[in-house]
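Student: I would be grateful for a close look at one part of this structure, followed by an account of other parts.

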Amino acid sequence: MFDVCIIGGGIAGLMLAHSLPSSLSIAVLTKEDLFSSNTALAQGGIAASIGPGDNPIDHAIDTFSASAGHADARRVEILTKQGLSIVESLLSRGLPFDANENGLPLLGREAAHSTKRILHAGGDQTGKMFLQYFLAMTEDRVKRLPYHSVLELVIKEGECVGVCVEDSQGNRSIIQAHHIVLATGGIGQLYSQTSNSLVATGDGLSLAFHAGAVLEDLEFVQFHPTVLTLHGKSHGLISEAVRGEGALLVDADGQRIMTDFHPLMELAPRDIVARVIERHWQQKGPVFLDARQILQFKSKYPSIFKNCNNLHINPEKDLIPVRPGAHFHMGGVQTDEWGATSIPRLYAIGEVASTGVHGANRLASNSLLEGLVFAKRLASKLLDTGFNFKELEIQLTQVTEEFTLPADLQLRMTQQVGILRDKDKLQKFSADFPLCGFDLQRYSSQHIKDIHRYTASCLIAKAALLRNESRGAHFRSDVSETSALWAGKTVELSLAGAAFGERILQQKEIVL
């Protein structure tokens, strides 16, 4: 029995553990080792209005603008104002952000930011540095349970009271806690091309759905424009920071491809850049990133340089072949501004949560910030709520059922629920792969992992079919315009069916 059980060990889960008092008993479950998460792969950095002349209002306006008018203004305000405070605190505590000779943080600029406000650590290893920092800060304060697959959330009398888990030896058990927190990360591995960790398979969406929670904005999947791609296979991310330093997108003849599509060209919002690159691949041929004019590339981006070098590409001399890949999920489990879901005692933070700050398109480098801000807010929420749950006797269900994951599911997600969508493709996908609920504990661990993949894929496709417009990262060629009729509308899915919510959208509300 724990006070808090956190499912996931990325930046959001570890920040929550770090923000809670050491007197509490905290379990952190990860289905692989402690370094298997999208946080560990995050290259671009973290956004904060820490530079001269910058402020949270401008950061909020950029965030709202990039969201295609779909972000929650109040929560964007929370993100940028409280995020600045947290980053300043981390700087004072010695988290090793990159700095100039005077000890001031080096600031970069990425797509859709109006100024330089991106902090990095270790060049292009920001996520890894954050992970190491928080692992060290929580080492003696939490019970770490690696290689524990969460099979199901346990719901009793409408409340989440625990999780059913299986360890690496196949032993199945129930872990109970006063509060259960989903921090399971993203969904990139549902697609053929992705920048994501192998563990990013949408488990949290499926767990929440089968528990009866409400999910929202699932149609908004951000595809990173520049995933290193050779012979149709993804080989890791080329950070947007590289374009921020001046790298250009070109065709095989060295001609720039963004000049006719957006005034910001390479620094246009990610959804626009990704669609231009994908169409170019489909209609004209490969796209490359020309970073040869960037001085000291190897020292600025050591992990990218190493990855390229392993593939016999020298970024200082060669063009880098790139293609969009699934990168970040703006939607997720619906939460309030403190991280609470529609089920008592169940919370969600990080990429698995739909906090409302990203809207239809995430502003670059806001994801690590979101994890920090809403994890810290949830810590306050849990302390205010208290720890008054009594342990229950819960019986494990006997394993009797089997499930076969469709062999072409990942390919079909890429082709029909990917960057370029339309009604016919989405209807075909949903007909072939119907969304349904499962009695999860009746399946083996491997079958449940496959069910999570299947369910998360079906949820995203269903939401994409229901949103009958194009907005941000959700682009449908059959309804290619953004519709005023859909302004403020959110697609909500649960076991009870589909519904449509409303979101506060007025930009004038972004005031501090």
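Student: How many bridges join β9 to strand β17, and in which sense do the two strands run?

Tutor: The model is a predicted one. In it, β9 and strand β17 (residues 346-348) are joined by 3 bridges, and the two strands run parallel. Within this pairing, I180 lies opposite L346 of β17.

Strand β9 itself spans residues 172-182 and is mostly covered, with 9 of its 11 residues buried. Strand β1 (residues 2-7) also runs parallel to β9, and 5 bridges join them. Here V4 has H179 of β9 as its bridge partner. Strand β8 (residues 159-166), by contrast, pairs with β9 in the antiparallel sense, over 5 bridges. In that pairing G162 stands opposite Q176 in β9. The two strands β8 and β9 form a hairpin, with 5 residues between them. In its turn, G170 has a positive phi of about 85°.

I118 in β5 is the bridge partner of G108.

The helices come next. Helix α6 (residues 203-211) has 9 of its 9 residues buried, so it is largely enclosed by the rest of the structure. One of these buried residues is D203, which has a relative accessible area of 12%. Since the cut-off for a buried residue is under 20% relative accessible area, D203 counts as buried. Leaving aside neighbours within four places in sequence, D203 is in contact with K31 and H452. After α6 comes G212, with a positive phi near 100°.

In helix α10 (residues 302-310), the buried residues are I304, F305 and C308. These residues cover an arc of only 100° around the axis, which puts them on the same side of α10. The face turned away from this buried side carries K306 and N310, which are exposed. Among the elements that cover the buried residues of α10 are β11 (221-230), β12 (233-237) and β15 (320-329), together with the helices α7 (240-244) and α9 (297-300). H312 follows α10 and has a positive phi, near 65°.

Two other helices, α1 (residues 11-19) and α11 (residues 367-385), have axes that come within 8 Å and cross at roughly 35°. The crossing of α1 with α11 is right-handed. From α1, the residues I11, A12, M15, L16 and S19 take part; they meet L368, G371, L372, A375, K376, L378, A379 and L382 of α11. By class, this contact comprises 10 nonpolar, 2 polar and 1 charged residues.

F374 belongs to a further set of contacts, those of R75. R75 is found in helix α4 (residues 73-92) and counts as buried, at 15% relative accessibility. Apart from its neighbours within four places in sequence, R75 is in contact with T335, D336, E337, S354, T355 and V357, as well as F374.

Note on methods:
Residues numbered from 1 in each chain as written. Predicted model: local features only at pLDDT ≥ 70, side-chain atom pairs only at ≥ 80, totals over all residues. Heavy atoms only, no water. Buried < 20%, exposed > 50% of the residue type's maximum accessible area, 1.4 Å probe, protein only. Helix = DSSP H or I, 4+ residues; strand = E, 2+ residues; numbered from the N terminus. Arc of directions from axis to C-beta. Contact = heavy atoms within 4.5 Å. Pairing = 2+ DSSP bridges. Axes fitted to C-alpha atoms, helices over the stretch in contact; angles between N-to-C directions. Left-handed = near helix turned anticlockwise from the far one by under 90°. Nonpolar A, V, L, I, M, F, W, Y, C, P; charged D, E, K, R; others polar.
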